[in-house]
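Have the structure open and follow along.

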Amino acid sequence: MNKSVKIAVEIALGVLICLLVWLTVKSVQKPVQFNKEVAARSQVAIQRLKDIRTLQEAFKSVNGRFAPTVDSLKLFYETGKMEIVMQIGSMDDSLAVANTEAIKKANKKLKPAEMTAKLAAAYAAGQKVVFSTVTEIPVKDTLFNHRTDFCVDSLAYIPFSGGQLTEMESTIKMVSGVHVPLFEARMPYKALCKGLDNQLRINLDAERKDQNKYEGLQVGSVTAPNNNAGNWE
């Protein structure tokens, strides 16, 4: 083998070794990058599912059941109203407490609503009292009003999925002789991981199945009460 051929072979071997090293590093980094991207996407999805849970619990407090669809939740958020309890005065104010007890003692025969009106009138007249009143306010003015990133329209969609819809259902189930409202909202990894390595996503689903876990993110359950927990918690 002459010198020029030897040099060419050495260069080719060097290139081949570099290529093999690069391919090895890439194959090792591929699942690492996949897991990082899944974790980042999951954080966005989890926030949406938490927001759905918040709206569902508010919906149930008003309607006695959970909403069957995300559209129902959106309508509730945009047009619905909720009752909130407001306390006037403070129990730490001894004068307010004394005045309240005196008014109650002098008006024992009044019904609860009438007593509240009596105390409200005393408060309006400038007297220190303590009482609670129920006020009805729009849902939009109650929920998420501190969140600049909240968008009710986004709850209908699984993030990073290209517009696939959030899966949701609700039911009322008999549990220990009691009718219990239940709901569940789901975002499968198949949609959440759209555009990522499909084989790694399939492996992720298989791993979840082997662990008897849902292949994605889920909040609530229509199978059994779980206190509306998310499967990431």
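Let's start with Q56: its relative accessible area is 0%, so it counts as buried. Keep in mind that this is a predicted model. Q56 is part of helix α1, which covers residues 3–63. What does Q56 touch once neighbours within four places in sequence are set aside? Its contacts are F66, A67, L73, M168 and F183.

Next up is S161, which sits in the loop between β2 (131–138) and β3 (167–175). Is S161 buried or exposed? With a relative accessible area of 1%, S161 falls under the 20% cut-off, so it is buried. A polar atom of the S161 side chain lies 2.6 Å from the backbone oxygen of I158. Leaving out residues up to four places away in sequence, S161 is in contact with A191 and K194.

Now for the cysteines C151 and C193. C151 is partly exposed, at 37% relative accessibility, while C193 is buried, at 4%. How many disulfides does a search of the whole structure find? The count is zero. As a reminder, a disulfide is a covalent bond joining the sulfur atoms of two cysteines.

Here are the accessibility values side by side:

| Residue | Relative accessibility | Class |
|---|---|---|
| Q56 | 0% | buried |
| S161 | 1% | buried |
| C193 | 4% | buried |
| C151 | 37% | partly exposed |

Methods:
Residues are numbered from 1 along each chain as its sequence is written. This is a predicted model: local features need pLDDT of at least 70, side-chain atom pairs count only at pLDDT 80 or more; totals for chains, interfaces and linings use all residues. Side-chain values use heavy atoms; hydrogens and water are left out. Helices (H or I, at least four residues) and strands (E, at least two) are DSSP runs, numbered from the N terminus. Buried means under 20% relative accessible area, exposed over 50%, partly exposed in between (1.4 Å probe, protein chains only). A polar contact is a pair of N or O atoms within 3.5 Å; within protein, one must be able to donate a hydrogen and the other to accept it, and residues adjacent in sequence count only if both atoms are side-chain atoms. Contact means heavy atoms within 4.5 Å. A disulfide is a pair of cysteine sulfur atoms within 2.5 Å.
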